[in-house]
Amino acid sequence: MAGCRRCLSIRLSGPEKEFSDDDWMGDMTPTPLTAQQLAALDDVLRGMSAVQLAWTSGYLAGRLSQGTSIGETPTGTSDIVAAQKAPLILFGSQTGNAKGIATKLQTALAAAGITANVSDMASYKQASLKSEQTVIIITATYGEGEPPEGAELFHKWLMGKRAPELKGLNFAVLGLGDSSYEFFNKTAQDFDSRFEALGATRLLDRVELDVDYKSGADAWIADIVAKLKAQTPSVSQVSQHAVATASTVSSVWTKENPFTAELLVNQKITGRRSQKDVRHIEISLDGSGLTYKPGDALGIWFSNDASLVQEVLELTGADANATVQTLRGAGTISDALTHDFELTQAYPGFITKVAELTSDERYVALTNDKATLRSAVTDCQIADILRANPVALTADQLAAALRPLQPRLYSIASSQTDLPDEVHTTVAVVRYAVDGAEREGGASGFLGSRCEPGDTVRVYIEPNDHFRLPIDPETPVIMIGPGTGIAPFRAFLQERDVIEAKGKSWLFFGNPHFTEDFLYQVELQDYLSRGILTHLSVAFSRDQPQKVYVQDKLRKNGAELYRWIQDGAHIYICGDGQRMAKDVHAVLLDIVSEQAGLDPDGAEVLLDDLRASGRYQRDVY
Ligand code: NAP
């Protein structure tokens with residue numbers, strides 16, 4: 001550079017000045033533009049009003065902050081690029097479906113020349129919302145109308161007093177739910193009405209989808225693309241603040257294209273007299289290239305039991321060999337009932353569809369009011385509805401009324417650092433009786449009762465970035481996992497063992513009886529004796545007249561737990577989300593309030609802060 005004497009001229013305002021490259025060291029900023037670019041710029045700017053110049057200056061600053069080059073517009077169109085912010089696709093995912101649709105929408109928008117940002121609600125900076133121009137919400141609802149774990153803080157903030165005015169923001173909401181639950185798609189409804197109440201403008205009416213969401217999601221994506229294309233005169237760019245999007249796992253094996261794996265071990269780990277049948281399952285991932293981290297879940301596709309399929313055929317009188325259409329193509333109804341349709345979970349849609357197809361009085365009567373419909377599908381299976389309300393159905397009617405079978409997710413109970421070619425999980429086999437008929441859970445029955453070592457199982461990995469060990473192995477961890485909630489903590493301990501982590505760890509485990517239900521007892525005691533596990537607190541609920549739960553053990557150790565939190569411990573809860581996780585949360589609030597001398601609101605803020613910083617994570621079902 002020192003020997004270069006190339007001279008440039010700049011003439012934006014004021015007298016023309018000549019300078020050389022040596023001036024780069026002085027207080028004058030030279031232009032990096034070529035003489036031609038400068039002349040072109042000058043031409044464009046000449047005659048602009050002060051307002052136009054100010055807008056252009058802001059626009060260029062915006063482009064600079066986005067780190068993009070105007071020449072790099074992805075479509076290569078010659079449209080004038082407006083100062084529009086990239087649309088934001090914000091998802092709240094419980095089982096990965098909302099995340100999958102978000103990614104699909106992003107791809108569809110890109111194909112239409114619109115580059116959108118995608119962000120998980122969990123990692124989105126709330127304060128940025130008021131500066132967005134277009135926000136597309138895709139959210140699941142789970143349990144009793146609750147937001148997905150990762151969306152909870154964003155939902156709470158938006159519903160609260162601190163949410164900003166959103167005038168000038170355009171939005172659309174897609175909800176994913178399960179119509180077998182009472183508060184179907186409640187979270188989507190919450191977002192939809194709140195955005196409107198905050199002054200935002202609805203781009204499209206809210207769409208609520210059920211478990212068989214695929215075709216509805218595709219149609220909604222097409223509508224959103226058309227809407228955004230129509231209102232976007234130009235190409236949007238991905239801004240630098242685009243937050244981490246979806247999963248990092250890239251394997252050819254996915255939910256839609258699962259890996260056919262060999263089942264290695266199916267071992268009952270509860271005692272002979274236990275009221276529970278809990279299985280330790282080991283599956284080979286050899287040759288799959290699948291990778292997972294502690295905290296991830298294993299997706300399992302299952303088939304329905306042959307005797308259940310037979311029962312449904314007999315109850316309806318459908319011809320087992322009749323051909324029907326499924327998502328896989330044409331096949332016999334018998335095969336479709338085995339592999340393609342949900343039989344072990346009843347849902348309102350089955351009854352309404354049968355009523356519509358047959359006009360059968362009993363089914364029509366069941367659809368008369370919501371409460372009757374809901375109670376007809378509670379705690380029973382499709383065969384139980386058919387037994388209670390006999391109706392003749394053809395194979396086609398049956399196929400039209402049933403919804404596609406969905407895989408089930410199980411928390412992974414192993415560390416791939418320790419076992420590169422295996423994945424383990426812990427499965428409670430669901431068994432119950434309905435009017436004398438013995439019933440089993442879909443996937444848990446398949447794995448627990450019907451799969452033997454050597455059989456094949458179709459699996460995939462569902463990453464869960466909201467349930468991760470601390471990056472620093474010295475950080476203490478507090479793990480609360482009664483029942484099958486122990487699964488991810490077995491993975492955590494295995495991982496910490498193999499990487500020789502030095503951080504302290506404390507496990508709270510509970511189950512009915514010490515002698516029958518102490519899952520992984522030998523392993524846990526080994527971890528304890530080797531110091532991999534610092535403390536093990538157990539709550540065997542039925543070993544004494546009064547129930548004792550994990551939260552009782554937490555309360556008893558409140559002062560020590562609070563010291564761990566002050567030392568930077570990460571807190572994890574895994575297991576039943578309907579009662580246990582809520583009750584444990586309430587006790588954590590009490591402990592924090594008591595130990596830190598905070599009122600209930602203060603304690604909640606403290607736990608919310610821990611959550612926001614990833615120090616309080618939950619994997620509940
Ligand atoms: P669980 O039913 O959650 O019981 C574990 C322990 O928690 C028992 O000692 C139980 O005591 C106690 N408990 C009950 N209510 C509690 C509360 N409010 N707070 C704290 N502790 C409480 O055990 P699980 O075997 O893991 O079953 C969990 C449920 O999740 C099952 O319905 C299962 O089907 C389902 N599920 C399991 C999986 C899986 O297997 N990986 C996956 C998805 C869903 P008492 O029973 O004595 O009251």
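1. Ala217 in this predicted model is a buried residue, with a relative accessible area of 3%. A residue counts as buried when that area is under 20%, so the value of 3% places Ala217 in this class. The residue belongs to helix H6, which runs over residues 214-231. In space, the C-alpha atom of Ala217 lies 9.7 Å from that of Ala98, although 119 residues separate the two in sequence.

2. Between Val620 and Met580 the C-alpha distance is 9.1 Å, while the separation along the sequence is 40 residues.

3. The backbone of two residues deserves attention. Asp435 has a phi near 45°, a positive value in a residue that is not glycine. Asp435 sits in the loop between strand E16 (431-434) and strand E17 (437-440). Is Asp435 buried or exposed? Its relative accessibility is 72%, so Asp435 counts as exposed.

4. Tyr520 also has a positive phi, of about 55°, and is not a glycine. The residue is located in the loop between helix H16 (514-517) and helix H17 (521-529). Its relative accessible area is 10%, and for this reason Tyr520 is classed as buried.

5. The ligand is surrounded by 22 residues, and the closest of these are Lys276, Thr484, Ser541, Arg542 and Tyr549. By class, the shell contains nine nonpolar, seven polar and six charged residues. Strand E15 (422-428), strand E20 (505-511) and helix H20 (580-596) each contribute at least two residues to this shell. The largest share, three residues, is supplied by E15.

6. One of its oxygen atoms is 2.8 Å from an N or O atom in the side chain of Lys547. A nitrogen atom of the ligand is 2.9 Å from an N or O atom in the side chain of Asp583.

7. Side chains of opposite charge can pair when their charged atoms come close. The count of salt bridges in this model comes to 39. One of them joins Arg611 and Glu152, whose closest N and O atoms are 3.1 Å apart. This pair links distant parts of the chain, since Arg611 is in helix H21 (residues 600-612) and Glu152 is in helix H4 (residues 152-159), 459 residues apart. Arg611 has a relative accessible area of 12% and is therefore buried, whereas Glu152, with 22%, is partly exposed.

8. A salt bridge also forms between the side chains of Arg439 and Asp384, with an N to O distance of 2.8 Å. Here too distant parts of the chain are linked: Arg439 is in strand E17 and Asp384 is in helix H12 (residues 382-388), 55 residues apart. Both Arg439 and Asp384 are buried.

9. Arg579 and Asp576 provide another example, their side chains meeting in a salt bridge at 3.8 Å, N to O. Why does Arg579 count as exposed? The reason is its relative accessibility of 59%, which is over the 50% limit for this class. Asp576, at 26% relative accessibility, counts as partly exposed. Elsewhere, salt bridges that share partners join Asp192, Glu196, Arg202, Arg206 and Glu208 into one network.

Note on methods. Residues numbered from 1 in each chain as written. Predicted model: local features only at pLDDT ≥ 70, side-chain atom pairs only at ≥ 80, totals over all residues. Heavy atoms only, no water. Helix = DSSP H or I, 4+ residues; strand = E, 2+ residues; numbered from the N terminus. Buried < 20%, exposed > 50% of the residue type's maximum accessible area, 1.4 Å probe, protein only. Near = heavy atom within 4 Å. Polar contact = N/O pair within 3.5 Å; in protein donor to acceptor, adjacent residues only side chain to side chain. Nonpolar A, V, L, I, M, F, W, Y, C, P; charged D, E, K, R; others polar. Salt bridge = Lys/Arg side-chain N within 4 Å of Asp/Glu carboxyl O.
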